[in-house]
Amino acid sequence: PYLLNVITSDTVDTLAIFSNIALAFIAFSIGSEFKIDYFKKVGITPIVIACLESLFAVLFVLAVLLLFQNEFKFSLMLSAIAAATAPAATIMVIKQYRAKGPVTKTLLSVVAIDDATALILFGFSLAIVNSMSNSSSNLIGMLLSPFVDLLFSFIIGSILGLLLSYLIRYYLDDLRVPLILATILIALGLSEVFNASNLMVCMILGAVFCNLSNEADKTMNIIDSITPSLFMMFFVLSGAELNINVLPTIGSVGIIYVVMRVIGKCVGAFTGAKLSHASADVSKYIGPCLVPQAGVAIGLSLIAQNSVPEFGSTIRAVILCATLIYELVGPFITKKTLMMAKEIKE
């Protein structure tokens with residue numbers, strides 16, 4: 001039972017729909033950062049770095065979890081979440097200390113892309129786990145499943161993005177929020193019907209909308225003003241779902257996740273910077289700035305919990321505890337790293 005029995009587990013389950021809606025808004029906001037004009041300016045370097053640091057974080061965590069003989073489905077679902085970061089924490093550090101320079105410029109681009117690469121990697125991992133759980137799946141079907149999911153997600157998101165871009169011009173500011181909310185709810189419904197990734201659908205919806213609509217910037221400012229309360233409920237519900245009883249059992253797994261994710265991020269970011277011929281400072285300092293992890297990771301843990309319920313409580317506990325650690329030390333590490341790069345003045 002929950003504290004004083006005021007909030008029961010049944011109540012939390014009833015309110016789970018708000019977590020799904022908040023997660024959809026997060027994915028929509030991530031997609032809105034994917035503006036073609038922006039990436040024409042910054043070039044390919046941030047894309048290469050974001051892809052490799054996300055991939056290496058997943059591979060490093062997965063390899064060590066399997067080395068310690070953890071279940072494959074559990075290891076894959078947990079490691080897939082390692083790719084996500086917390087752009088908000090990084091951006092707040094940059095703004096607070098007025099950081100400026102090549103590392104900062106590249107970092108801003110990388111964190112804008114990072115959660116999108118995390119959603120893609122998580123989508124692949126989820127499709128593999130679902131295929132393994134389906135006894136009727138053959139090897140070819142299991143390999144093709146992630147691509148089929150991405151294809152359906154792209155089609156649904158693109159169609160809804162086109163529709164939203166067309167309709168938004170006929171709505172006044174006060175009516176645009178209900179329109180976007182309705183579109184996102186439709187996206188969630190269609191994702192269930194066609195067995196697509198709801199996160200990918202909403203991310204593609206946001207990307208298509210912000211690249212096609214002239215009203216995108218104004219509309220996103222309106223959305224940003226109403227989402228904090230939804231996100232606050234999302235984090236409260238995430239905390240309410242933490243099963244304290246499993247905390248003593250996550251020791252080694254939690255350590256592996258926290259440590260190997262950071263190592264994977266640093267090695268992947270360094271490798272990506274070298275391959276894309278970034279400056280020496282960018283190669284040296286970009287990795288440690290990617291330590292923070294928060295909202296997207298918690299949301300992905302919710303999906304993982306539903307996908308592999310036998311490991312759900314452990315995955316949830318590991319991510320929530322890791323998020324606490326990363327959010328306590330991550331901004332400090334980012335600040336110190338940018339100071340070492342001489343992009344924050346004493």
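How many residues line the largest pocket, and which of them lie nearest its centre?

Reply: The model is a predicted one. Its largest pocket is lined by 32 residues, and S29, E33, P87, A88 and I91 are those that lie nearest the centre. Two or more lining residues come from each of the elements α2 (16-32), α6 (87-96), α7 (102-133), α11 (216-240) and α14 (295-307). Among these, α11 supplies the largest share of the lining, with eight residues. The volume of this largest pocket is about 1100 Å³. Sorted by class, its lining holds 19 nonpolar, six polar and seven charged residues.

A total of 29 residues line the second largest pocket, and L126, E192, A196, N198 and I303 are the closest to its centre. Here the elements giving two or more residues are α2, α7, α8, α9 (173-193), α10 (198-212) and α14. The largest share of this second lining, seven residues, is contributed by α7. By class, the lining of the second largest pocket consists of 16 nonpolar, eleven polar and two charged residues.

A nonpolar patch on the surface is formed by L144, F147, V148, F152, V193 and F194, which together have about 570 Å² of accessible area. Helix α8 (residues 139-167) gives the most to this patch, namely four residues. V148 is placed in helix α8, and V148 counts as partly exposed because its relative accessibility is 38%, a value between the 20% and 50% cut-offs.

Note on methods: Residues are numbered from 1 along each chain as its sequence is written. This is a predicted model: local features need pLDDT of at least 70, side-chain atom pairs count only at pLDDT 80 or more; totals for chains, interfaces and linings use all residues. Side-chain values use heavy atoms; hydrogens and water are left out. Patches are made of residues with over 30% relative accessible area and no salt bridge: like charges are joined within 9 Å, nonpolar side chains (Val, Leu, Ile, Met, Phe, Trp, Tyr) within 5 Å. Accessible areas come from the Shrake-Rupley method with a 1.4 Å probe; for residues, only the protein chains shown count as cover. A salt bridge is a side-chain nitrogen of Lys or Arg within 4 Å of a carboxyl oxygen of Asp or Glu. Buried means under 20% relative accessible area, exposed over 50%, partly exposed in between (1.4 Å probe, protein chains only). On a 1 Å grid over the protein atoms alone, a cavity is a set of points where a 1.4 Å probe fits but cannot get out, and a pocket is an open set with protein on both sides within 12 Å along at least five of seven lines; lining residues have an atom within 4 Å of a point. Grid points are joined across faces, edges and corners, and a volume is the space filled by probe spheres set on the points. Ala, Val, Leu, Ile, Met, Phe, Trp, Tyr, Cys and Pro count as nonpolar, Asp, Glu, Lys and Arg as charged, and the others, Gly among them, as polar.
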